[in-house]
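Subject: Handover of a structure

Dear colleague,

Please find below the structure that I am handing over to you. I would be grateful if you could look through it before reading the notes that come after it.

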Amino acid sequence: GDGVNMAIAAGVKEFPSVCYLKYNCVSRLVDTFGPFWGAYAFGGPFLWLNRDCDRFVDESVSYLVGNITSQTIPIHTQGGVCYSIWDSATNEKILADNAAAAEEWGTDLTEELEATIAAGEEIWRADTLAEACELAGLDAEKVQAQVDEYNAYCAAGHDSLFGKDPEYLMSIEQGPFYIALVHERMEGPLGGVVTDRNFQPVLANGDVINNVYVVGLDGIMLY
């Protein structure tokens with residue numbers, strides 16, 4: 001990118017290596033993946049079930065530890081996939097909470113969601129939870145039992161199973177209901193520039209450029 005090219009032109013050493021990042025995703029069809037996957041795959045006010053329709057983690061764990069890549073660890077333990085369940089009230093909150101990110105990326109989350117549902121590509125919606133389970137190929141009775149237990153935690157304001165922060169406890173009661181297949185994904189950004197422990201760019205002679213800092217994937221040594 002321009003940032004790397006500008007730094008190299010100024011004499012900064014190139015760092016020609018690969019950094020592997022893992023994160024959760026849902027659907028291959030979204031054109032602008034950033035805010036969409038952030039909204040619907042990274043966790044938060046959702047109920048996550050494994051293939052056996054059992055809840056297995058505090059779904060807001062990546063926000064708890066402040067490291068978004070930690071979102072893939074629980075799903076990795078379940079074979080790399082899980083089913084995320086939420087209702088219309090939660091969906092409205094998700095859209096509102098991610099509106100700024102969508103605007104920054106120049107995308108419409110509602111349009112992406114509707115296109116994904118219409119294609120039947122890893123997100124399903126129905127007026128009843130049982131119908132949504134049928135579309136997703138899940139055991140409706142098992143899912144309903146998990147939803148009932150989760151709703152009880154939401155009503156009490158305390159998740160006695162995994163200790164989920166009450167901020168992310170949102171009940172699943174108002175149709176239509178949504179189910180998404182969330183899975184882990186790996187990405188390998190290639191290249192960047194050499195930085196020191198203060199994130200300053202390092203020149204070929206070992207000196208650094210003062211008052212200049214390199215972060216993000218341009219400062220790939222961070223990862």
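The notes below describe a pair of strands, a pair of helices and some points of backbone geometry.

This is a predicted model, in which local features need pLDDT of at least 70 and side-chain atom pairs count only at pLDDT 80 or more, while totals for chains, interfaces and linings use all residues. Residues are numbered from 1 along each chain as its sequence is written, and side-chain values use heavy atoms, with hydrogens and water left out.

Strands

Helices and strands here are DSSP runs (H or I of at least four residues for helices, E of at least two for strands), numbered from the N terminus. Strand β3 spans residues 81-87, and seven of its seven residues are buried (under 20% relative accessible area, with exposed meaning over 50% and partly exposed in between, for a 1.4 Å probe and protein chains only). In a regular strand, side chains alternate between the two faces of the sheet. In β3 both faces are covered: one side carries Val81, Tyr83, Ile85 and Asp87, the other Cys82, Ser84 and Trp86. Strand β2 (residues 47-49) runs antiparallel to β3 and is joined to it by three bridges; strands count as paired if DSSP finds at least two bridges between them. Opposite Ile85 of β3 stands Leu47.

Helices

Helix α8 (residues 129-136) and helix α9 (residues 140-156) have axes that come within 9 Å and cross at roughly 130 degrees. These axes are lines fitted to C-alpha atoms over the stretch in contact, with angles from 0 to 180 degrees between N-to-C directions. The contact (heavy atoms within 4.5 Å) is made by Leu129, Ala130 and Cys133 of α8 with Ala140, Val143, Gln144 and Val147 of α9.

Backbone geometry

Gly175 and Pro176 are joined by a cis peptide bond, with omega about 0 degrees. Pro176 belongs to the loop between α9 and β5 (177-187).

Cys53 is not a glycine, yet has a positive phi of about 65 degrees. Cys53 sits in the loop between β2 and α3 (61-65) and is buried, with a relative accessible area of 5%. Asn211, also not a glycine, has a positive phi of about 65 degrees. Asn211 is found in the segment after β5 and is exposed, with a relative accessible area of 71%.

Yours sincerely
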